[in-house]
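Open the model in your viewer and keep the selection panel at hand.

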Amino acid sequence: MELSSDPALATLEMSQIHGEDGEPFNDNSDGDYESLPPHVSVTTHMTAGAVAGILEHTVMYPVDSVKTRMQSLQPDPNAQYKGVYEALKRIIKTEGIFRPLRGLNITMMGAGPAHALYFACYERVKHSLSDIIQSGGNSHIANGVAGSVATVLHDGIMNPAEVVKQRMQMYNSPYRGLWDCVRTVTHTEGVGAFYRSYSTQLTMNIPFQAVHFITYELMQEQLNPHRHYNPGSHIVSGAVAGAVSAAVTTPLDVCKTLLNTQENVALTSVNISGHLSGMANAFRTVYRLGGLAAFFKGVQARVIYQMPSTAIAWSVYEFFKYFLTKQKLEQEAASGQL
């Protein structure tokens with residue numbers, strides 16, 4: 001259901017707020033909601049993106065912990081799970097109620113700035129390319145390219161956080177806490193360990209985000225063609241986009257997890273000494289350990305995690321973008337009446 005405007009916003013609409021280009025701005029016009037743009041600043045995109053990113057990762061974090069464990073190629077007998085619910089129940093019962101949240105602190109530290117850059121970059125590149133390709137229309141090519149470019153910035157910040165997070169999520173993780181993990185990895189494997197999976201992360205996330213943004217925009221065209229602020233459409237579109245992109249990129253996520261965790265039991269079982277590096281090596285190792293089926297380990301948990309995560313991210317992002325833009329317009333209207 002599309003939200004109706006409150007009295008203050010209705011007053012703004014009646015007074016036909018003018019944008020920087022001199023054209024009248026009307027919140028209920030048939031124009032693309034995301035192109036109400038003179039008033040949707042980079043700061044607004046970054047603020048909305050940061051809040052969305054932190055909430056996306058924190059709300060569903062316990063499921064992410066389960067996904068990491070279920071992607072283990074040679075799991076400990078005590079860490080073999082049949083499903084997400086059974087895994088969470090057993091982890092809490094045997095390891096404590098806060099165990100599924102281990103590593104959340106580093107994730108929150110990385111998610112804010114990473115998603116701020118991510119959404120700001122996506123919006124800027126999307127609109128610039130759409131102007132070139134379809135004269136301001138919605139171009140799926142522009143959406144895919146913008147999502148890919150934004151991913152490079154996002155992963156540059158999040159990759160070290162992912163390494164620490166996944167090592168702390170594993171069963172019998174040897175690290176006492178965040179800084180112990182950072183110090184130990186730096187001392188034993190070098191700073192490069194925090195970016196060992198970066199190329200694989202990009203190889204996974206670029207197609208993931210391209211599929212994600214294209215699917216989201218396609219769903220918006222069907223559910224919310226005028227691009228008004230419509231919470232229901234943002235939630236459904238985000239959930240579908242998350243599920244589709246998560247499912248098709250699971251094999252790459254399994255390889256990324258192996259590179260991040262350097263799972264000792266698995267590597268030893270195939271006579272690999274030292275540290276595994278490179279996407280090609282990761283692919284070969286995963287196949288040697290479990291065949292084609294191994295590439296889809298944890299797919300259920302990944303989809304269950306991504307559906308609500310992307311729904312939360314998009315609904316929160318669109319809400320804050322709408323709210324902050326509305327606040328700015330009200331302030332401008334009040335200043336103009338003085």
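Select Ile132 to begin. In this predicted model, Ile132 has a relative accessible area of 67% and therefore counts as exposed, the cut-off being over 50%. Ile132 sits in helix α5.

Together with Ile132 they make a nonpolar surface patch of about 450 Å². Which helices supply at least two residues each? They are α5 (104-134) and α6 (140-169). The largest share, three residues, comes from α6.

Select Phe119, Tyr122, Trp314 and Tyr317, the residues with the most contacts inside the largest nonpolar core, which has 15 residues. Helix α5 provides the largest share, five residues. Both domain 1 (40-195) and domain 2 (196-307) contribute at least three residues to this core.

Stay with Trp314 and show its surroundings. Neighbours within four places in sequence aside, Trp314 is in contact with Phe119, Tyr122, His212, Phe213, Tyr216, His234 and Gly238. Then select Val270, Leu276, Val286 and Ala294, which are among the 14 residues of a second, separate core.

The remaining stops are charged pairs. Side chains of opposite charge can pair when their charged atoms come close. The count of salt bridges in the model is 18.

Select Glu86 and Arg90. Their closest N and O atoms are 2.8 Å apart, and the two form a salt bridge. The two residues are separated by about one helical turn, because they lie four residues apart in helix α4 (residues 84-95). Glu86 is partly exposed at 26% relative accessible area, and Arg90 is partly exposed at 25%.

Move to Asp180 and Arg176, whose side chains meet in a salt bridge at 3.5 Å, N to O.

End with Asp64 and Lys67, a salt bridge with its closest N and O atoms 3.8 Å apart. These residues are three apart in helix α3 (residues 61-70), so about one helical turn separates them. Asp64 is buried at 3% relative accessibility, and Lys67 is buried, with a relative accessible area of 3%.

How values were computed:
Residues numbered from 1 in each chain as written. Predicted model: local features only at pLDDT ≥ 70, side-chain atom pairs only at ≥ 80, totals over all residues. Heavy atoms only, no water. Patch = residues over 30% accessible without salt bridge, like charges linked within 9 Å, V, L, I, M, F, W, Y side chains within 5 Å. Areas by Shrake-Rupley, 256 points an atom, 1.4 Å probe, with all protein chains shown as cover. Salt bridge = Lys/Arg side-chain N within 4 Å of Asp/Glu carboxyl O. Buried < 20%, exposed > 50% of the residue type's maximum accessible area, 1.4 Å probe, protein only. Core = buried A, V, L, I, M, F, W, Y, C linked by side-chain atoms within 4.5 Å. Domains from an automatic or database assignment. Contact = heavy atoms within 4.5 Å.
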